Amino acid sequence: MTPFKVDTPYTPAGDQPKAIKQLVDSIKSGNKYNTLLGVTGSGKTYTMAKVIEALQMPTLIMTHNKTLAAQIYSEFRGFFPDNHVEYFISYYDYYQPEAYIPRQDLFIEKDSSINSELERLRLSTTASLLSFDDIVCVASVSANYGLGNPIEYKQNVQRLEVGQEYSQRALLLKLVEMGYKRNDKFFDRADFRVNGDVIDIFPAYYEDEYVRIEFFGDDVESITKHEYLTNNKTESLKDFILYSVNPFIVSQDRLAKAIKMIEEELEERLAYFKENDKFVEYQRLKQRVEFDLEMLESTGMCKGIENYARLLTDKKEGETPYSLIDYFEAMNRPYLLIVDESHVSLSQFRGMYAGDRSRKTVLVDYGFRLPSALDNRPLMFDEFINKKAHYLFVSATPSELEIDMSATVAEQIIRPTGLLDPIIEIIDSTYQVERLHDEIKKVVARNERVLVTVLTKKMAEELSTYYNDLGLKVKYMHSEIDAIERNQIIRQLRLGQFDVLIGINLLREGLDIPEASLVAILDADKEGFLRSKTSLVQTMGRAARNSNGKVLLFAKKMTDSMRFAIETTQNRRKIQEEFNQLHNITPKTTVRRLDEDLKMEEYDTTALKINRLTKMPASERQKLVAELNKQMSKAAKDLNFEEAIRLRDEIEKIKQL
C-alpha cells in the first residue's frame, strides 16, 4: 500500500490542529460516528485530508450533488497526487427513468444520454477498489444505488502473466464474456482487436492507453502498454489484470441460473395476471421479458439489465442490494465514510428509497416490470447508516441527527485567515425597505457589496425595481433565471458593475463572494424552510468572508430559529475574537480570484446569438444546437458541470423556438 501523504505547503492553523486530533483519536478508539462542525471558510476540506493521512484508511467521500463532488474531487487530487483518487457519480448527462401514469395511460420510456468519460471513471473506481488499498473516492448519491456483486466482479477477471500458457481462442471467448467487443477497424474503449498472434485490449476504465498481448504459440511472450493515439509503447508489464466492462456482468453459470429464475418469476406473474383477467398487463410483461431473455441468452446483456439485479447477484427478496460501499467492505480492512454537507446529504439519502419505490411499484402493477425490479433500488437510510465504516459527518450546520449519533463533535470555529463571524443587528421590519436603503448606501460608499434575501420571487423583482428607481445599482436572482444568467450576475456583482443582489434561498447555496460585507434578511421572523435554523446560519455565513461582515435581521418578534442562529453566531465570534487577541491576529478579507471560465466576452457573444435566434433560419439554428451539444459534451468530459449545465439551458432555449 502506498501511504496517504497530503502534498501541500500549508500546515494546520486556527482550530484545524485541535479538530484533526479529536477526530483521529476518536476514530482510533473505535467510535463509529463523529462530526466535524466547521464554520464557513475554516478549511474543512483540508482537515478531512489530514484526518485521512493520520488514519491511513481507504476513504469514501459522499455529498449531495455532482457539482460539489467535482470540486471536492479536484481538491483531493491535489492533496493526494501519489494515491488513487477516484470519482464516482451518475454517468448520465441526461436521464429520464421509465414510468407509467395510469390516469393518462401514458408510458414514459427510459431515455438517457451516457457520458462515456464518467462511465470510465466509475469503472476505474470499481477496478481500483479491488486492486489497491490507497483509495480516496469522491461520490454523489449514486453510490447508494444498486451495483453488481463485488465478489462476482472480482472473480470474473482475466489475469495474464508473461510466460503463461493460455489458448488464444479461450482468451477471445473470455473477452466477449466480460463484455468486450471485437473491433478491428474503429478501436475504442471496451474493444479488442486481433492481428495474428497480437491481441490489443482497450480496458473500459483506461483513459488513453491500451494493452498489447503478444503470443508465441500459446505462450504469452510480452505484455505492454501503448498510447492510444500514437501507438507508442509506454510500459512493459510482467502481468496484467483485466476487469469486465460492467459490474453487472456475471459468469456464464451465474447468468444461466439468473435466466432460469427470471423465467420462473415470469411464469408466476403471468399466471397472476391471467387469474385476475389483466390481459393487457399479461401481454405487456410477456413481450418485454421474453425479449430481455433472448438478449441475455445471446449477448449476456439487455436494455435495463439493472432491473434483474437481484436475480443476477443471487440476493433474496427485500435483501439489501450491493452498492459502491460494498466494494470498500470487500477490501476487508477498516475504512472511512465522510458525508460532506451532511445536513443536506443525509436528508437526501433518507428520501431516495421512497420515491424510487413509488415509481417502480406502478410499473410492476401494470405489467411493465417483474416484481424483482423493486429490489433494484437505492439503500434505505438504516442500511446506509449501519455499514461497517467509520462515519465522519461534515457541516457548518449539522442537524440533531448527526450530533446525537456522534461520539465526538469537533468544532472548527477559528479560521486560518483570522476572519470573524459577522456582527448581527435586529431591526424592526415595519419600515424594512426604507431602513435597508439607508444601510445599503453606507456599504456602497465603502465600495463593498450587499446580499439581500427575501421570501418570494415577486418581492425580489419589485424590490429590485424600487431600489433601482432610487438610484442604486441592483439586480435580482431566483430559480427562473437560468445558469448562464446566474453566473453572469454573480461575476458582475464581484466586478462592481452593480452593488446589490436580491435573491431567495439561492443566497445560502454556496455563494462565495468575499466582496459582500452586508447580508440583509427581510422578514426574518417568518418561520419556515427559508427562515429555519440551518437556513439562517448558512445565509449569515455569506458575510463571513469579509472583515467588515455584518448581518441585518428585519423582524417584529424573536423566533426560536432566529435566537438559535444569533446565539450560535455570537458565541463563535466571541471565541474567534479571543483567539485573535491572544495571537495578535488581524482579520483580513478573503481574496478569491474571479473564475477564469466565466468570461464576459463569451456571454456577450451568446447573448447576441440569442437575440438573433427568432430571425435565424431553422437550418442555422440546428447547426448552432449541434455546435453547443459538442461544447456541452466537452465540458462534461472535463468535469466542468457548471459550464455543461449552462450550455444545456441554452440549447433548451433554442429548441423551444
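**Residue classes and source of the model.** Ala, Val, Leu, Ile, Met, Phe, Trp, Tyr, Cys and Pro count as nonpolar, Asp, Glu, Lys and Arg as charged, and the others, Gly among them, as polar. The model is predicted: local features need pLDDT of at least 70 and side-chain atom pairs pLDDT 80 or more, while totals for chains, interfaces and linings use all residues. Residues are numbered from 1 along each chain as its sequence is written, and side-chain values use heavy atoms, without hydrogens or water.

View 1. Helices (H or I, at least four residues) and strands (E, at least two) are DSSP runs, numbered from the N terminus. At least two lining residues come from each of α3 (66-79), β3, α4 (116-129) and β16 (239-242), and α4 gives the most, six. By class, 15 lining residues are nonpolar, five polar and twelve charged.

**View 2. The seven-stranded open sheet.** Strands in this sheet run in the order β3-β8-β2-β17-β18-β1-β19, with parallel pairing (at least two DSSP bridges between two strands). β3 (84-88) and β19 (408-412) are the edge strands, each pairing on one side only. From one strand to the next the twist averages 20°, where angles run from 0 to 180 degrees between N-to-C directions of axes fitted to C-alpha atoms, for helices over the stretch in contact. β17 (residues 336-340) and β18 (residues 390-395) are joined in the parallel sense by five bridges, and I338 faces L392 in β18. Helix α1 (residues 16-28) packs on the sheet in contact (heavy atoms within 4.5 Å) with β1 (33-38), β17, β18 and β19, its direction making about 165° with that of β19. Helix α11 (residues 342-365) also packs on the sheet; it touches β2 (59-62), β17 and β18, at about 105° to the direction of β17.

**View 3. The six-stranded open sheet.** The strand order here is β20-β25-β24-β21-β23-β22, again with parallel pairing. β20 (423-427) and β22 (474-477) stand at the edges with a single partner strand each, so one side of each has no neighbour in the sheet. Five bridges pair β20 with β25 (residues 550-554) in the parallel sense, and the bridge partner of E425 in β25 is L552. Helix α15 (residues 457-469) packs on the sheet against β21 (449-453), β22 and β23 (500-503), making about 175° with the direction of β22. α18 touches β20 and β25, and its direction makes about 150° with that of β20.

**View 4. The cavities.** Three cavities of 30 Å³ or more are present; in a cavity the probe fits but cannot get out. The largest has a volume of about 90 Å³ and a lining of 14 residues, with T40, D421, V537, G541 and R572 nearest its centre. α17 (533-540) and α18 (560-583) each supply at least two residues of this lining, and α17 has the largest share, three residues. Six of the lining residues are nonpolar, five polar and three charged. The second largest cavity, of about 80 Å³, has a lining that includes G146, R310, E319, Y322 and D375. That lining divides into four nonpolar, three polar and five charged residues.

Definitions and conventions
On a 1 Å grid over the protein atoms alone, a cavity is a set of points where a 1.4 Å probe fits but cannot get out, and a pocket is an open set with protein on both sides within 12 Å along at least five of seven lines; lining residues have an atom within 4 Å of a point. Grid points are joined across faces, edges and corners, and a volume is the space filled by probe spheres set on the points.
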